[in-house]
Amino acid sequence: MVKDNDTVIQEFNELVNMSSSELETWLKEEQSESSGWSKDDGSGETIGHESGRKIIQILDKNPSKDPDKYDEEDIQHMRKVVSYCKRHLAQEEKAKQNTDSKSYKSLKNWGHDALKT
């Protein structure tokens with residue numbers, strides 16, 4: 001069953017626990033590029049790294065997190081972020097224990113710092 005938009009927005013704002021500036025700083029670090037699946041476009045960028053850039057745009061566009069200010073494209077990406085974070089947090093306890101793990105780095109690319117929870 002597909003979650004309604006209000007639920008997606010609420011869960012996104014709970015799971016994405018990094019600020020826009022924190023995420024932007026993280027994505028500039030070399031280690032942010034060392035985990036995840038590479039995109040098929042030959043750029044070498046990972047899917048999670050690209051997602052992080054989209055998350056920054058969403059956060060910057062609506063810093064007050066007003067549910068009425070998200071457009072359908074935002075909500076579509078927020079849905080992906082919620083799904084990814086929930087799935088990986090349920091599967092990978094390692095992300096909370098080892099900041100050098102690919103799990104930790106990958107979740108950070110998706111806006112979730114496991115050490116902040």
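**A pocket and a helix**

Mentor: The lining of the second largest pocket divides into 1 nonpolar, 3 polar and 5 charged residues (Ala, Val, Leu, Ile, Met, Phe, Trp, Tyr, Cys and Pro count as nonpolar; Asp, Glu, Lys and Arg as charged; the others, Gly among them, as polar). This is a predicted model, where local features need pLDDT of at least 70 and side-chain atom pairs pLDDT 80 or more, while totals for chains, interfaces and linings use all residues. Residues are numbered from 1 along each chain as its sequence is written, and side-chain values use heavy atoms, leaving out hydrogens and water.

You can find the pocket by its lining: Lys54, Gln57, Ile58, Lys61, Glu73, Asp74, Gln76, His77 and Lys80 (lining residues have an atom within 4 Å of a pocket point; a pocket is an open set of points on a 1 Å grid where a 1.4 Å probe fits, with protein on both sides within 12 Å along at least five of seven lines). Helix H3 (47-61) and H4 each give two or more residues to this lining, and H4 gives the most, with 5 (helices are DSSP runs of H or I, at least four residues, numbered from the N terminus).

Now follow H4 along. The whole structure has 1 aromatic pair. Tyr84 and Trp110 form this pair, stacked at 4.3 Å centre to centre with 10° between the planes (ring centres within 6.5 Å make a pair, and planes under 30 degrees apart count as stacked). Tyr84 lies in helix H4 (residues 72-91) and Trp110 in the segment after helix H6 (102-109), so the pair ties together parts 26 residues apart in sequence. Tyr84 is buried at 12% relative accessible area, and Trp110 is buried at 8% (buried means under 20%, with a 1.4 Å probe and protein chains only).

Terms used:
Phe/Tyr/Trp six-rings, centres within 6.5 Å; stacked < 30°, edge-to-face > 60°. Buried < 20%, exposed > 50% of the residue type's maximum accessible area, 1.4 Å probe, protein only.
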